[in-house]
Amino acid sequence: MPSRYALVYTWLCFNTSVITYHADGSVVIAHGAIDMGQGIDTKAIQTCAHKFGISVDKIKVVKKSTTINANSHFTGGSVCSELICLAVIKSCETLLERLAPIRKKLNNPPWNELIAGAYAGGINLTAQYWPSDNEKIPAYNAYSVCCSEVELDVLTGEYNIVQVDYLYDCGTSLNPELDMGQLEGAFNMGCGLFLLESMKYDPKTGKALSDGTWNYKVPMSRDLPTRFNVKFLRNAPNPIGVLGSKAVGETPVAQGSCPLFALKRALEAARSETGQQGWFPIYAPLTVEKLQKSCLNDYRHFIL
């Protein structure tokens, strides 16, 4: 199943500061996005280390604050990691421009000596970045292709996702391990969306009836693909992305529909064996109950 997913930055902005300390040359990053497991802080540290040419051990990200990171927007839309890394790059470039005369004067000294010399020379060692409209990253597309193999028990509607093969275009990944974790988690979240997580409401009061784990099912270990093969497209940097990268987040959620379409083909095969041809609709989430009913089993066919 091929996919083209548009990544749009719209008006998201994050107040970001890079702060350097003269005593030991350590660096602190303060940004307005929330790291909820997608690795924004790690990517920000890596980007800063890359721009300054120093070890990641000298850099840390501090807790978010509405004081130093005032007026930042919400964290979402898959693009926040890139936006924070862009802000770190811009802040680092501002500091490097200020440090250039000191670097030349001291004949390219080690980082600690450079920062100490800049402090002694009255150089501001803090830089802040807020993107303007003409500095925002243009929209681009993330491409992927996914293939799912499933087994369906036509008597019960139970199924097994035997194998998933997934090729994803993430440009030049800023951190392949983080992006792989994002992709795998997002894909399985998509499987829950399209196959499991069904909301039911009282027809008279509108009260949610599937309001707990007893009747609202999220993906568990047995719901995951037995074999999950994922690869990133190689040698395909994004010319307009941050350091050649592309976002990983919402796109794999959409590809979580791939097992649903595989189950649709299994339903078609089961129905054709009993002479029931023709198109029929399916509706997500395609739960076990819906699958069993869609098989159109006839007890007269239950013959040993």
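Contact is taken here to mean heavy atoms within 4.5 Å, and axes are lines fitted to C-alpha atoms, for helices over the stretch in contact, with angles running from 0 to 180 degrees between N-to-C directions. Helices (H or I, at least four residues) and strands (E, at least two) are DSSP runs numbered from the N terminus. The model is a predicted one, in which local features need pLDDT of at least 70 and side-chain atom pairs count only at pLDDT 80 or more, whereas totals for chains, interfaces and linings use all residues. Residues are numbered from 1 along each chain as its sequence is written, and side-chain values use heavy atoms, with hydrogens and water left out.

An open sheet of 4 strands has the order β4-β3-β2-β5 with mixed pairing, two strands being paired if DSSP finds at least two bridges between them. Because β4 (59–61) and β5 (126–129) stand at the edges with a single partner strand each, one side of each is left without a neighbour in the sheet. From one strand to the next, the twist averages 15°. Strands β2 (residues 16–20) and β3 (residues 27–30) run antiparallel and are joined by 4 bridges, with T20 having V27 as its bridge partner in β3. Strands β2 and β5 likewise run antiparallel, joined by 4 bridges, and T16 stands opposite Y129 in β5. The covered face of β5 carries A127 and Y129, while T126 and Q128 form the uncovered one. Helix α1 (residues 40–52) lies across β2, β3 and β4, and runs at about 150° to β4.

Salt bridges, defined as a side-chain nitrogen of Lys or Arg within 4 Å of a carboxyl oxygen of Asp or Glu, number 6 in the whole structure. One of them joins the side chains of K64 and D41 (3.5 Å, N to O), linking the loop between β4 and α2 (80–105), where K64 lies, to D41 in helix α1, 23 residues apart. Another joins E93 and K51 (3.5 Å, N to O); because E93 lies in helix α2 and K51 in helix α1, the pair ties together parts that are 42 residues apart in sequence. Buried denotes under 20% relative accessible area, exposed over 50%, and partly exposed in between (1.4 Å probe, protein chains only); E93, at 35%, is partly exposed, and K51 is partly exposed at 25%.

In helix α6 (residues 258–273), R265 and E268 are 3 residues apart, and are therefore separated by about one helical turn. Their salt bridge has its closest N and O atoms 3.3 Å apart, and salt bridges that share partners join K264, R265 and E268 into one network.
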